[in-house]
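Keep the sequence and the structure in view as you go.

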Amino acid sequence: MEKRRGLRASKKLNLITVSLLMAALISGQTAFGYSVAGSENRSGLEQTLHDQGPSTAAEVEQFADEFFNRPDIQKKLVGAAFVVVADNKVLLNKGYGFSDLETKSLVDPDQTIFRMASISKVMTATAVMRLVEQGKIDLDENIEQYLEGIPIKNQTGSPLTMRHLMTHTTGFDYTDYISSNNEEQSLEQFIQENMPTVVRTPGESYRYDNFAFNLQGYILQQVAGDPFEEYVQKHVFAPLGMNNSDFRMTEQIKKNLATGYGADGQPKEQYPNVPFIVPDGGMFGTSSDMARFMLAHLNGGRLGNAEILSTSTTEEMHRTQVSIQEQVPTMALGFEKFYRHAYNGQLVIGKGGDLPGYHSWMWLMPDQKVGGFVITNSDASQDIREELFTAFMDHYFPQEKQEEQEWPLDANELDAFVGTYRHLRQPFLFFDIKKQAGKLSISGPNGTHTLKPVGDLLFVDEEGNQAAFKKDDEGEIIDLDYIAPDSWFAKIPDLPKYVDVGNDAYSEAIYTSAKLFMQDDNEKQDSRFFPEEAVTRGEFANQLLKFANVKPSEKPPFFKDIEGHKYGASIQKLAEIGVLTGTSDEMFHPDRIITRQEAATILWRLSSSFNMPKISAKIADHPAPWAEEAVKFVVGAGIYGPDVTTSNTGVVNYRSQDSLLRKEAAVIWDRFIQVLISGL
């Protein structure tokens, strides 16, 4: 059988690195996978229901042992737990490696507790569906009726429903959030402080939505009359015998919690959930408990004498709800369709999770009554879950690669696809598409590739990665699904040609940053960029928050001079997480021109908060003592452009105390994007 290659065989788009970047800023993570030719197909499955798949405990253990004993896996493994269930039995539930390196404690599948991260979302969705089948929540009615006075700003005129919340199709302007660093913050307070605005028609576009699952948790407790964590404990965990699972970080949880390790192999300190109860990512549990949960979902909501959902409800949860088109499924209810390259023609639903130090993937095959779950406790081993899932599917459900048939399009038909597509969740990721001799050329973070048409609105690149498009009601192309599974890319309007930007060393970076956000700050003329003008402290702060795509703060300002300022809410949000500081007299001076060393310090603080590697460089200039380490970091990371000079001995003159010009800021953002995508 020919081994199919995904994105990892080419120049790597390091979405995991980008995801972990945001871990310092935004709560809740998602697993990442790559969309490769071949999707689910229920036709023809019946003949393979009983002649494929895991069958005996001994054989499954042999498969697992061989995988985890591979030298390449051992090299990056600290600890892991792996579960396989089939035909209402647990065939494997085994720990590998260490839950703590210092004490040499082994992973115990019955006792070792992990942070489940975003797998929590499936627990939340399951609990919500209990109320749906009881008639207490309607999946397709406006959710405002459940919020008891908490308003939702909706600019679309189309109601927001629970189905939208459960499928990441809310249309919210902000789907991730920055925590308040208040461990005791209530779920209600969190929802009130972070409620986003609906800016796209709900149900129209897919964008991974952490906030939506916290909102589900709040609605659940409003409707049920019990705190979210108590309801889940009573109606999901307890009936299934998930005795070591909780959304509360109790002393018992802390005692048995596996130590999380960074990519550098260093242990991470135990960190609390913020707020205290987090429906989107705050679950703790063991692999034994996850085995029970999977068995219940694969058996129509029942495990032994316990029934948490009806068969019809579980079937509705498992049914594909969102697809950019039929051949490219995206979401069920709470379950996602990541790692599609490994489905081998089977119907698969899953859920992944990422938090610093913990990475997981659970998959269910409802037609086969087969499920798997793997979790690791090291950032260095985050790729193990995809490798294990791919090996599992190739071993138990092999499929020969099928060549895609070409779908000829003429030049006029290809014109509709040409343009720039920006990631809805992380706007610094985008692709440019051009025509190329009956095909399309797509350029972006993973390099340049050729897209061959193979179906209606469906293309495939030379490595098998699918690119699927969506039209609006008027027949215009509006969305692209390619490479990044946590969000579609939305087609954006053509950029203006700036009359004051020539074909020089800055022009490419200027147009790159304009695709992201800088055009929003140009309040003078759309046809001019003003590259030689200096950037203010407030403007730079606003650009950084837009870069992270996080909602500005609505709290009272820390600084006296930002109240009512156009960038005040952005400055406040960054101050709340320690990226910005003011002066001793509680001022920020937002309209003062920012120096290059100040900009470097802000980027360095941000990078330090998400554990970017410590790097340094030789510099010729003399920044202020408080900025020296920051300047060495940005120089060492290459976050600068032609505005600096380098001596024959590699010493860089960063011009630390000069003003930062708009063209130089554009280069900073362009280089920062490259650092996040490619790593250091």
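Exposed means over 50% relative accessible area, and buried means under 20%. The model is predicted.

**Exercise 1.** Decide whether Asp 473 is buried or exposed.

Solution. 
- Find the residue. Asp 473 sits in the loop between β20 (466-471) and β21 (477-482).
- Take its relative accessible area, which is 85%.
- Compare with the cut-off. Exposed means over 50%, so Asp 473 is exposed.
- Look around it. Glu 204, Asp 473, Glu 474 and Glu 476 gather in a patch of negative charge on the surface.

**Exercise 2.** Describe the salt bridge between Asp 354 and Arg 385.

Solution. 
- Start with the distance. The closest N and O atoms are 2.9 Å apart. A salt bridge needs them within 4 Å.
- Asp 354 lies in strand β12 (residues 349-355) and Arg 385 in helix α12 (residues 384-396). They are 31 residues apart, so the pair links distant parts of the chain.
- Check burial. Asp 354 has 1% relative accessibility and is buried. Arg 385, at 2%, is buried too.

**Exercise 3.** Explain how Lys 573 and Glu 576 are placed in helix α16.

Solution. 
- Lys 573 and Glu 576 form a salt bridge, with the closest N and O atoms 3.8 Å apart.
- Check burial. Lys 573 is buried at 7%. Glu 576, at 19%, also counts as buried, because the cut-off is under 20%.

Terms used:
Residues numbered from 1 in each chain as written. Predicted model: local features only at pLDDT ≥ 70, side-chain atom pairs only at ≥ 80, totals over all residues. Heavy atoms only, no water. Patch = residues over 30% accessible without salt bridge, like charges linked within 9 Å, V, L, I, M, F, W, Y side chains within 5 Å. Areas by Shrake-Rupley, 256 points an atom, 1.4 Å probe, with all protein chains shown as cover. Salt bridge = Lys/Arg side-chain N within 4 Å of Asp/Glu carboxyl O. Lys, Arg positive; Asp, Glu negative; His and termini not counted. Charge placed at Lys NZ, Arg CZ, Asp CG, Glu CD. Helix = DSSP H or I, 4+ residues; strand = E, 2+ residues; numbered from the N terminus. Buried < 20%, exposed > 50% of the residue type's maximum accessible area, 1.4 Å probe, protein only.
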